[in-house]
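Student: Could we go through this structure together? I would like to begin with the terms I need.

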Amino acid sequence: MGTAQALSRPNVLFIAMDDLNDWVGCLGGHPQAKTPNLDRLAKSGILFTNAHCAAPSCNPSRTAILTGISPATSGLYTNLQPMREVLPDAKLLPAVLRESGYTALGSGKLLHYFTDARSWDRYFPEASTENPLPETLYPAKRPVSLPRAGEWQYIETDWGALDTTDEAFGGDYSVSTWVGEQLRQKHDKPLFLACGLYRPHEPWFVPKKYFEPFPLDKIQLPPGYKADDLDDLPAEGKRRGPNRYFEHIQKQNQWKQGVQGYLAAIYFADTMLGRVLDALEKSPERDNTIVVLWSDHGWHLGEKQHWQKYTAWRACTRVPLIIRVPKNTVGLPAGTKPARCDKPVSLLSLAPTLLDLCGLPAFPVHEGPSLLPLLKNPKVSWKPAAVTYLDTPGSYGLSAQGWRYIHYADGGEELYDISKDPHEWTNLASQPRHAAKLAELRALAPTRFAPAWKPSATVTADLAWHPVSAGDILPVSKPQGTPATVAFLNQTELAVRVWWISPTGEHQRYAELKPGTSYSSNIRKGAIWLITDTNDKPLGYFLATGTPSRALIKEPK
């Protein structure tokens, strides 16, 4: 670390976990969760027990974390809005740190299925591919456990134990290996090292040894599940709660198997985290490295009759957040002492907090309050609430001290006393005796919401149309890079169907187009999109190029 100025700058180990809710030992979300490495990190740093995501899905949450810009400012609220189309000039946290003399290295999933190569010095896999996920072993034939109920079902909603080793499985094992190698090296500049662990994101396929601690006959269903939990919700809450996934999983008698798969995937991810923490312990920079660990959002496994994410309830907004700061850090010379902090905090605060800790000036667009006061004293008075923005502008969840408030754009409201009702079973919003608390939380709520960004109609080219005949072998998708808008235009006199062909050759239907109609989607380079008639007879396909394009569906010959 050459200069005196560089010596005063700490390294940063920035660890992301994907779709991890509070099923962590130290957070108590599920009694069977096996997370010894998360727990040991929590014991050595400050565990924020009331931390919440800025949005309950990957793309808007991760964009908010790494840009410091909230969805209500950017207009990026969903997974379908390409970050670099919405925010073409935004500087990510690694780029901001690079301008102040840091080397920025990254591996694994940190953004929504792209790397943003411009922001990094080096990346694994190679940043220029814009594919953040290393090769991973999956079953040759799928689905394994959960049959497909229709085209609406996400292809990765599946689980099972694999007869393989960690090393042969690849994926997060490869990421943790690469990150560990960087930690064991000497670096000439202060280091920002980001580690994106993909599990417990679906699919929940991991080596079988991670399933073994969770025998199926011992599985406990989610503590937050209550069969009649929808009765006191407003109309929008009742709409957002029940979904087809949970109904289908129950019909297939796969609920316990799904819980088992999630617990196994968490245990696997925790073990990969342990490999990274062990490497840090052996690092020459061990005593000069800030550690930040976070998850992008939580996950429902039946609570509110819901499976997956996308809601404003605590099962989906509450996330693990641990920060450990060594002594003699320029922004916090005393470092952190192990503690639990129950103040409401948002992941939107991570970027400004790290700039403070690294002794760097605030970046103008960063919106979240720095957590530095809480790192100094976890019990200090703290007024900000943590806001989680849903996919509709004006809909959000608000987390305060001991209370949560949910507001929908149509005016529907929910109010929960978390100190007595941690699973949000009793909506107090309509009860007169809680009117004062409701007014207090309304006063903390956001009032300005950027309209949701919509893709521009600008295209650079028409995609090549590849007609197919009976018996032709269809290619499979090999997606890479950032998504770009593709507009499918049905120029035939037939109704047609639009399908995505997965990397494993499975077909997932996205749209049915009448003659003269169109459908737009955000699609990555290398994706194969098949067009069939309404009897599912293949007509032709398009290969996406990664640029805004038109896909002109032509008459079959």
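Tutor: Let us begin with a definition: a polar contact is a pair of N or O atoms within 3.5 Å, and within protein one must be able to donate a hydrogen and the other to accept it. Please also keep in mind that this is a predicted model.

Student: Which side chain has a polar contact with that of Thr-157?

Tutor: The side chain of Glu-202 does, with a polar contact of 3.1 Å to Thr-157.

Student: Where is Thr-157 placed?

Tutor: Thr-157 lies in the loop between strand E5 (122-124) and strand E6 (159-162).

Student: Is Thr-157 buried or exposed?

Tutor: Thr-157 is buried, because its relative accessibility is 0% and buried means under 20%.

Student: What is Thr-157 in contact with, leaving aside its neighbours within four places in sequence?

Tutor: With those neighbours left aside, Thr-157 is in contact with Leu-146, Glu-202, Tyr-245, Trp-307 and Gln-308.

Student: Which residues of H8 are buried?

Tutor: The buried residues of H8 include Asp-172, Tyr-173, Val-175, Ser-176, Trp-178 and Val-179. Gly-180, Gln-182 and Leu-183 are buried in H8 as well.

Student: And what covers the buried residues of H8?

Tutor: The cover includes strand E1 (11-17), strand E4 (103-108), E5, helix H7 (166-169), strand E7 (191-197) and helix H11 (255-281).

Student: Now strands. Why is strand E27 described as largely enclosed by the rest of the structure?

Tutor: Strand E27 (residues 549-553) is described in that way because 4 of its 5 residues are buried.

Student: Which strands pair with E27?

Tutor: Strand E19 (residues 461-462) is joined to E27 by 2 bridges, and the two run parallel. Strand E21 (residues 480-490) also pairs with E27 in the parallel sense, over 5 bridges.

Student: What is the bridge partner of Asp-462 in E27?

Tutor: The partner of Asp-462 is Arg-550. Ala-487 also stands opposite Arg-550.

Student: What is the order of the open sheet of 5 strands?

Tutor: The order is E20-E26-E25-E22-E23, and the pairing is antiparallel. The edge strands are E20 (466-467) and E23 (507-513), each of which pairs on one side only.

Student: How many bridges join E22 to E25?

Tutor: Strand E22 (residues 496-501) and strand E25 (residues 528-533) are joined by 6 bridges and run antiparallel. Trp-500 has Trp-529 in E25 as its bridge partner.

Key
Residues numbered from 1 in each chain as written. Predicted model: local features only at pLDDT ≥ 70, side-chain atom pairs only at ≥ 80, totals over all residues. Heavy atoms only, no water. Buried < 20%, exposed > 50% of the residue type's maximum accessible area, 1.4 Å probe, protein only. Pairing = 2+ DSSP bridges. Contact = heavy atoms within 4.5 Å.
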